[in-house]
Structures are given as C-alpha cells and as structure tokens.
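Please review the briefing below alongside the sequence and the three-dimensional structure. The notes are grouped by topic.

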Amino acid sequence: MTEFSAPTVVLSGITHHYGRHRAADNVSLGVSPREVVCIVGPSGCGKSTLLRLISGLETVQAGTITVGGVTLATPERSLPPEKRPVGMMFQDFALFPHLTVAGNIAFGQTDRPRAERNRRVAELLELMGLARYADAYPHTLSGGQQQRVALARAMARDPQVLLLDEPFSALDEQLRRSVREEVVRLIRASGIATLVVTHDPAEAMEIGNRVVVMEAGRIVQADTPLELYRNPSNSFVARLFGEVNRFEATVRDGHLTTPLGRFATPALESGTRVEVACRIEDMELAPIGQRPGAMPVRVRHSSFLGASTRICLGLPGGGENAEVHARLPGHVDVKPGEELTAVVDAKRVMLFPAA
Ligand SMILES: Nc1ncnc2c1ncn2[C@@H]1O[C@H](COP(=O)(O)OP(=O)(O)OP(=O)(O)O)[C@@H](O)[C@H]1O
C-alpha cells in the first residue's frame, strides 16, 4: 500500500494515435495529492503525449481522464484547456519576455477579481523567494529564478494537478541539482499531485515518489525507485536504472551455469532459456583463493570516476567479448593485468525471459 490517498488525476485506458503511429497504448495511471510521479523512457515513447492529453492540448481519442472525480476528457466530451484545474510548466519555461515577473505569474488569471489576483501573485512571489524581482523582466533573471517564475505561473490558478515537461533540462549541470531540489521542495510543500516527464532515469529516481517507465507508448512498470532498481519487470527496465552484466543461459537440472557462477532456479523447467543479469555495482572482487567458487578474472582496464571506479574484467578462456564490468568505490586500486576473482550474491541476480 502506498502512503498516498485516492488519486487526484486518473487516466484510464488512454490510447492515442498520430496518424498510424500509436503514441499511447492503453495507459492507465493515477497520481495522488502530495505525490510526485515521474514518467521516464526513451525519446518518442509517448511521455509528453500523456501530459498534453491531461492539459487538453491534445484531444482524447480513447479512454478517460478525470481530475478530482470530475471527467475532463473522453472521446465524446472535452473541457477546454483553460477550464481544466491543471498547471503546466515546460522545458524552456515559456515566459513572456515583454511581461514582468509579476505579470507572468498573473497571466492566465484574468477571470479572477484584480485584488484576489494581486494577492495570489504576492503570495507566490513570497513562496518562491522572488518578491524582490516582481518588476524585473525574465531576461534579467538567472535560469533558476526563471524556473521558479514558471513554476509560480503554473501554480497561480491553484491547480489540482501540476504537469512538468522536462523541467530541468534547459539548466546547466551545476544549476540543475540545486534548482531541482528547490522546485521539488516547493511542489511537495504545495501538496499538488504532480506528474514530471524526464528522459533522465537518475532524475526520475531522485524526485519521484513513484516512477512510471514507458516504452513504445506502454507503461512497462510503475513503482517506487527502490522497487524499480531491485525488482525490474524486464531487462529494459533493469538497464534503464544502471549498468548490468548480462548472459544468456539454459536451465539444466534446476540450475543455471553462467560465467559468474552456478545459480539455483528450482522454479524453472530444464531447457528454459533465460537472460541472467546483475548490476555492475553488485559484483564483488576478491584476491584469488579467498572466495571459494568465485570466477577467476583478469583486470583489463579501470576508469577512476571519483565516487566510483568502473573496472573491465576479462573472463577466462574468452575472447575479446568475454568480459564483465564491476563498479567499486572510487578509492580502490586495481591494475591492468591483475588476477582476481569475481562473485555475485545469488540474491542480486536478476532473471528475465531470453530475448
Ligand atoms: N503532433 C504530432 N504529430 C505526429 N506525430 C507526433 C506528434 N507529436 C508526437 N508525435 C510522435 O509520437 C511519439 C510520441 O511523442 P511524445 O512527444 O509523446 O514522446 P516523448 O516520449 O515525450 O519524447 P521526447 O522525450 O523526445 O520528448 C513520437 O514518435 C513522436 O514523433
């Protein structure tokens, strides 16, 4: 069970075509108040299409979208975008250059009495730490400040749902982490159900209470970051969240024999072809003779990456391609040519149907 209450936004059976191309394939998903859900997947898998359907920029062809129990869109009926309780923030912030910060935040609230609008703008300027910049124009602000203006504008109409499409990708690496932390903190404090699209799995893990993995228009897995990392539903999801060593093997007498050892698979029939995978950070290296049954390996090369060291290991009797990788803490000292042994805990081995 999740710690979150009934979902605010619910997508049920959403299928969407552009011409003959199916961009969304029977997608069902709910996001609860206070929940930040990240949608991640390769370019073109349909992430932005889902946001555009919720915001009303795209017409629903099949399925329904409800927010707070109210139906926003079905193939027969569609609330116009400006009537939806939805705030949207785009990758490039899309601020109006000719409007001040306050003007940008007030934009789109014209249906409110002036006093109420001004009060809400002042509130958001304060919340976002932008009070000093109310009369400034967007081009005079830093990327992080512009980001906060865009967020304030998205939140100005008190939406029940926030939609963020690649919100941090326009920021440089240095700024991204701090802006991301700050923006997510503000969103969590607001309690608004939030959907974030990102192509960066690490970012999705960092900010999502739940992460939805999409591939070719379909949801492959929707889970907490920890579950996705430890129990990926297929090889694609496993590889999305980190580098893995992979081997194909056939079950014989309840066991799989791989270059990294022999693993019991009592539940699988003899003859079943499987993909055996393990994360490179789950590889353990030890001097020869220290771990009985461990596989002898020879260090081909190692790359010091600061926090970690990535090591390429040649397997015995193998050719050029018979290699595995390991990730160890950055301070380990291994030399090319060194003979070691490698082992992986059976609990960390992942099995998938062979491709
Ligand atoms: N207006 C459109 N007309 C035709 N095809 C479109 C249109 N919008 C999107 N597509 C196609 O639909 C698919 C899904 O697009 P979408 O923008 O949802 O993907 P995405 O996962 O957000 O990709 P990216 O990470 O590259 O932004 C892509 O193959 C895209 O080329």
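In this predicted model, the buried residues of α1 are Lys-47, Thr-49, Leu-50, Leu-51, Leu-53, Ile-54 and Ser-55. A residue is termed buried if 20 or more other C-beta atoms lie within 10 Å of its own, exposed if 12 or fewer do, and partly exposed in between, with C-beta atoms placed from the backbone. Helices (H or I, at least four residues) and strands (E, at least two) are DSSP runs, numbered from the N terminus.

Because the model is predicted, local features need pLDDT of at least 70 and side-chain atom pairs count only at pLDDT 80 or more, whereas totals for chains, interfaces and linings use all residues. Residues are numbered from 1 along each chain as its sequence is written.

**Helix α1**
- With 7 of its 9 residues buried, α1 is mostly covered.
- Gly-56 follows α1 and has a positive phi, near 95 degrees.

**Ligand surroundings**
- The shell around the ligand consists of Tyr-18, His-21, Ala-23, Gly-41, Ser-43, Gly-44, Cys-45, Gly-46, Lys-47, Ser-48, Thr-49 and His-199; a residue is near a molecule or strand if its C-beta atom, placed from the backbone, lies within 6 Å of it.
- Both β2 (21-31) and α1 (47-55) supply at least two residues of this shell, and the largest share, 3 residues, comes from α1.
- By class, the shell has 3 nonpolar, 8 polar and 1 charged residues.
- In this classification, Ala, Val, Leu, Ile, Met, Phe, Trp, Tyr, Cys and Pro count as nonpolar, Asp, Glu, Lys and Arg as charged, and the others, Gly among them, as polar.

**Overall architecture and domains**
- The protein contains 8 helices and 20 strands, and its C-alpha trace spans about 80 × 45 × 40 Å along the principal axes.
- Of its 355 residues, 36% count as buried.
- The protein is divided into domain 1 (9-240) and domain 2 (247-353), with bounds that come from an automatic or database domain assignment.
- The centres of the two domains, taken over C-alpha atoms, are separated by 40 Å.
- Domain 1 and domain 2 each give 4 residues to the contact, where two residues are in contact if their C-beta atoms, placed from the backbone, lie within 7 Å.
- The side of domain 1 that touches domain 2 has 2 nonpolar, 2 polar and no charged residues.

**Nonpolar core**
- The largest nonpolar core has 90 residues, of which Cys-38, Ile-105, Val-161 and Ala-342 touch the most other members.
- Such a core is a set of buried Ala, Val, Leu, Ile, Met, Phe, Trp, Tyr and Cys residues joined through C-beta atoms within 7 Å.
- Helix α4 (residues 143-155) gives the largest share of this core, 6 residues.
- This core lies between domain 1 (9-240) and domain 2 (247-353), because both give residues to it.
- Not counting residues up to four places away in sequence, the contacts of Val-161 include Val-31, Ile-54, Val-67 and Ile-192.

**Thr-15**
- Thr-15 is located in strand β1 (residues 9-18).
- Thr-15 is partly exposed because 15 other C-beta atoms lie within 10 Å.
- The C-alpha atom of Thr-15 is 8.4 Å from that of Gly-217, a residue 202 residues apart along the chain.

**Strands β15 and β19**
- Strand β15 (residues 283-286) has Met-283 and Leu-285 on its covered face, and Glu-284 and Ala-286 on its uncovered face.
- β15 pairs with strand β19 (residues 339-344) in the antiparallel sense over 4 bridges; pairing requires that DSSP finds at least two bridges between two strands.
- Thr-341 in β19 is the bridge partner of Ala-286.
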